[in-house]
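I opened this entry to keep track of what I looked up in the model. I go from the sheet to the helices, then to the chain as a whole, and end on a single residue.

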Amino acid sequence: MSIITGIDGTVLILGTGIAIAICIVAGLAIKKIRATARGNSAEISADRIRIPLIVQKSPVGTTEEFTHGTVFISALHPKDIDCIHGKADISESLEALAEKYSLEEITLATADGLLLASSLGAPSADVISRYCEIYTNNPGIRPPGIMLFGVEHEGSSLVGFAKTKDPPRQEPGQELICETIDILNWWI
């Protein structure tokens, strides 16, 4: 058995050390790139709590053929209604918002399920807690005919849910969310 000695042994040990160092540096670089990519994707999301579903917009008056006949699809066009001025309280503003976007009702609650305001009386505590739990814990679940969304107001996370007159409509538009924030800023 021969022992590697002298210059050949030194070159072998030095080469092995360099190879190990290169592997460690490459591994750290890959880890940093992945961490940076994850951080950037969190900044892109408008809603930090949930991952929004992909929504496709259809032009007004288009038709699509299905095996069961023709279905007419139209984009949502809000009515021209002022949701803030001339209203007595936040509930009246939410009633106007519901009418503007053709919703049956809209409710705002804290993320832990406490009612803040509603357009139609007070929903039951069970309904509020169920939708708040769905919104915060199960972002992929969409109850039929219900739009769920989140807003931040003065450091508090709020959950909005609206019953739609159009069951396939599951995601609120950015305009609805912005007007909800305007209403909160006006009244609270």
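Before any pairs are noted, one definition: I take two strands as paired if DSSP finds at least two bridges between them. The model is predicted.

**Entry 1: a strand pair.** I looked up β5 and β6 first. Strand β6 covers residues 156-164, and β5 pairs with β6 in the antiparallel sense over 8 bridges. For a reference point I took Gly-150, which stands opposite Val-159 in β6.

**Entry 2: the sheet.** Next I asked in which order the strands of the sheet lie. The order is β4-β3-β6-β5, in an open sheet of 4 strands with antiparallel pairing. I noted β4 (115-118) and β5 (146-153) as the edge strands, since each of them pairs on one side only. From one strand to the next, the twist averages 20 degrees.

**Entry 3: helices on the sheet.** Helix α3, residues 125-137, lies across β3, β4, β5 and β6. I read the angle of α3 to β5 as about 80 degrees.

**Entry 4: the whole chain.** I counted 4 helices and 6 strands in the chain. Starting at the N terminus, I wrote the elements down as α-β-β-α-β-β-α-β-β-α. The chain has 188 residues, and buried residues make up 30% of them. Of the contacts with a separation of 6 or more, 52% are between residues 24 or more positions apart. The chain exposes about 12500 Å², with carbon and sulfur atoms supplying 61% of that area.

**Entry 5: Ser-119.** Ser-119 sits in the loop between β4 and α3. Is Ser-119 buried or exposed? Its relative accessibility is 4%, and the cut-off for buried is under 20%, so Ser-119 counts as buried. I then asked with which residues Ser-119 is in contact, leaving aside its neighbours within four places in sequence. They are Ser-91, Leu-94, Glu-95, Ala-98, Glu-105 and Ile-106. Last, I looked up Ser-119 against Ala-162: 43 residues separate them in sequence, and their C-alpha atoms are 9.5 Å apart in space.

Definitions and conventions
Residues are numbered from 1 along each chain as its sequence is written. This is a predicted model: local features need pLDDT of at least 70, side-chain atom pairs count only at pLDDT 80 or more; totals for chains, interfaces and linings use all residues. Side-chain values use heavy atoms; hydrogens and water are left out. Helices (H or I, at least four residues) and strands (E, at least two) are DSSP runs, numbered from the N terminus. Axes are lines fitted to C-alpha atoms, for helices over the stretch in contact, and angles run from 0 to 180 degrees between N-to-C directions. Contact means heavy atoms within 4.5 Å. Buried means under 20% relative accessible area, exposed over 50%, partly exposed in between (1.4 Å probe, protein chains only). Accessible areas come from the Shrake-Rupley method with a 1.4 Å probe; for residues, only the protein chains shown count as cover.
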